[in-house]
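Dear colleague,

Here is the structure I promised to pass on to you. Please have it open while you read the notes below.

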Amino acid sequence: MNFPVRLAFRHVFSNKTRNGLTILAITIAVFLLCFLLAVVRGIDAGVRSASSTRLVTQSAVSLFVTLPMSYRPKIDAQEAVTVTSEFRWFGGYYQDPSNFFPQFAVNKDRFVDMYVKDFEIIEGPNGITGPGAREAVKKAFATEKRAAIIGMGLRDDEKYNFKIGDTVPIIPAIYQRADGGAWDYVIVGIFKPLKARIPDKIMYFRSDYLNDSIESGEAFGEVAAGVYYVNIDQGSQSEMIATSIDQDFLNGPQRTQTVTEAAFASFFVSAIGNLPLFLGTVGGAVLFSIFFSVVNAMLIAGRQRLKEAGILQALGFPPITSCLLLIIEGLAVALIGGALGLALAIGTQDLVVLNFGDSIRNYEIDSGLILLAIGTSSVLGITAGLCAGIPFLRYRPTEALRSMG
Amino acid sequence: MSQDSYIQLKSVSKKYSRGGEDLIVLDQLDLNIPDGDYAALMGPSGSGKTTILNLVGGLDVPDSGTVTVAETEVSSIPTRQLPAWRARHVGFVFQSFNLLPVLTAHENVMLPLQLTPLSAAERKKQADFALEIVGLSDRAGHRPSQLSGGQEQRVAIARAIATDPDVIIADEPTGDLDRNSADEILELLNRLNEELGKTILMVTHDPAAASNARRILKLDKGHLVSDEINRQASGQTQGEA
C-alpha cells in the first residue's frame, strides 16, 4: 500500500470514537437511502411493468362503483380487442385476518388467456408442469366451478403451503355466505409472476362461482364486475379504443372510464399521495444532514492534522499531500460506512420482504442501488475530505508547524 | 558568496505583522556558515533565531536580501518548488520531535524517503541504516508513544538524515529533554557533523548544548551580535562581534 493511503488509513483507525460515530451515521444514512429507494423502485416497478396492450375499464363515477356483467361481451366486440375479463375484489382472508392476500373473481374462459405474458403456469392438475400446464389449468379452471389459480408465494409460504388439489376455505369480508361459512376454493393451478406488478401471493377464482351463489341466495351481494381488463392488439391505438369503449356506454346504465393499465396502476400509487416523492425527499434529507455531520467530522480531523501538514511540508511534501490525505480519509470513512449500510440493507432484505412483502412488493436491493450507494458514499467522502483539505493548500509550513494540532 | 560559505544570508530582512503592527525580526542580517560547520544560534526570544532556520530551510522567504544554501539561492526558488528543494537538501529536527504518532519509528524515518526516486527496498535499507546510526534499530516497530523523549528525538534525527541532506537544521533539539537524553542527542549531532560531515545549524537556549557546536552565533533584535569559534569544540579561538 503506498504511503498516502497507508497514512490515511492509520488516521481512520487512530481516532476510533470520532470515526466510528461518523461511520455509524453513514451506515444508517446509506441503509435508509437503500431501503427507501428500494420501496420507491418497488412501487414504480409495478407501474412500469404494466402492459402497453391492456386497458382497464372502470366506472366513470368511482372505482368503488361496480359495472354490469353485460358489459364484457360488448367490450369484447370492439375492434382490436382480443380478450376481456371481469375482475372483482373479494377481500377475504385465510383462517385469520392477519393471513390476508388479494383474491379476485375473474372470467372462467378468458382469464388464463389474458395473462399469457404476465405469468407462467408452473404447476397444474395431477402434477403437470412444463408447456402443457397452461392448457391443463385453463381446462380445469373452466370445468371446476370452485377452481382457483394461485401465485407460487401461497405455495411456498409455510403459513399457507397451498398445493394443487387443496380445498382452501376463505373467510369473506364483503360477500358473506348465507350459512355464515367460508367460501371453499379448489387449487387447480400455480403460477410464477413474470411481471413486477403481479404479486406472488394472490388468488384468482371464477366470478360465476360468486355471482351464481349471490343469485341463488347462498351469498349476499350484487352480481356485477368491479372492473374489466381488456387486452388489445399489439400496435393498436389504445387511446382510440379506450374512447370507443367509453362511448359505447355513454348512455349507461353505468358510464365508464377506460385507461391504460399503467395509468390504472398509477392511480393506486397516487391515491396514497406522491409516495415516491415523499420517500425520496425523506431519504435525501437524511443524506443531506449526514453530509454535514461528515463534513464537520472531517473539519475537526483537518484541524487536528494542521501540525502534521506542517511536518510533511517541512519534510518536502507539497501542500496537496495533506489535502489528499484528508480526501482519502474521508473517502475511506464514507466507503466503510456505505459498505456497512449496504450490507445491512442487503442483509435485512429477506426480513423486510417477510414482514412487509405484501405492502412493499418487489423490494430488492439490486445492482443499481448498490452502485448508487457506493457512488453516494464516495461523493460524500470526497466532498467532506475536500472541504477539510482545501484550506491546507493555503497554509505556509511555518504557520502549520506553529499550530497545536 | 564568500568562497567557503555554504550557508549565506546577505542583507536579509524579515518582519511580521502582529496586531496591525510590523515587528522587525531580522534587520539587514549578514551570515556566513562554511560547509561542514556546526553552528549554534543563541539569543533571547524574538531575536530571530527560528526565523533564520526557517529561511535557510526554505520554510519561509525573506522580505529582502538573499539566502543561499549550497550555491542555490533559496530565496529565489518559486514557492511551489521549495518542498522538493527541502526534500533534497535539508533535514529538520524540531524541539517537540514532530514525529507522526500514527506511524512507527521506521515508518517515520521512511517518510522523507518517499520523495526520493529510490526503490522500496532501497528506501527500507536507508531507513534501517539511519535508525542504526541513531542506535534505535531495536525500536523500529514502536510508535512514538511507546518511546521516551530522547528516543523520539533520535528517531527525528534519523528521519532528518535518512535522505542524506546537505544541511541539518535543529530547532531547540534538546529543549524538551532531560539532561541525560539531551547529552545523547548532542553527542549524536556531534557524530553527524564529525563523522558524516553534515553542516548543522542549531538554535538553542542551552549554553551546554551550544558548547557542543564549533561556532556560537548570538543574535539580538534581528542583528548578529556575536560570532565565536567554540574553542572547546574546535580547539581554536577566533572571535568577532
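What follows is a short account of what was found in it.

This is a predicted model, in which local features need pLDDT of at least 70 and side-chain atom pairs count only at pLDDT 80 or more, while totals for chains, interfaces and linings use all residues. Residues are numbered from 1 along each chain as its sequence is written, and chains are lettered from A and ligands numbered from 1 in the order in which they are written.

In chain B, strand 1 (residues 5–18) and strand 2 (residues 21–34) pair in the antiparallel sense over ten bridges; helices (H or I, at least four residues) and strands (E, at least two) are DSSP runs numbered from the N terminus, and two strands pair if DSSP finds at least two bridges between them. Gln8(B) stands opposite Asn32(B) of strand 2, and in the hairpin, which has two residues between the strands, Gly19(B) takes a positive phi near 60°.

Strand 2 of chain B also holds Gln28(B), a residue other than glycine whose phi is positive, near 50°.

The contact between the chains takes 16 residues from chain B and 15 residues from chain A, where two residues are in contact if their C-beta atoms, placed from the backbone, lie within 7 Å. On the side of chain B that touches chain A, helix 2 (residues 82–89) gives the most, with four residues.

Best wishes
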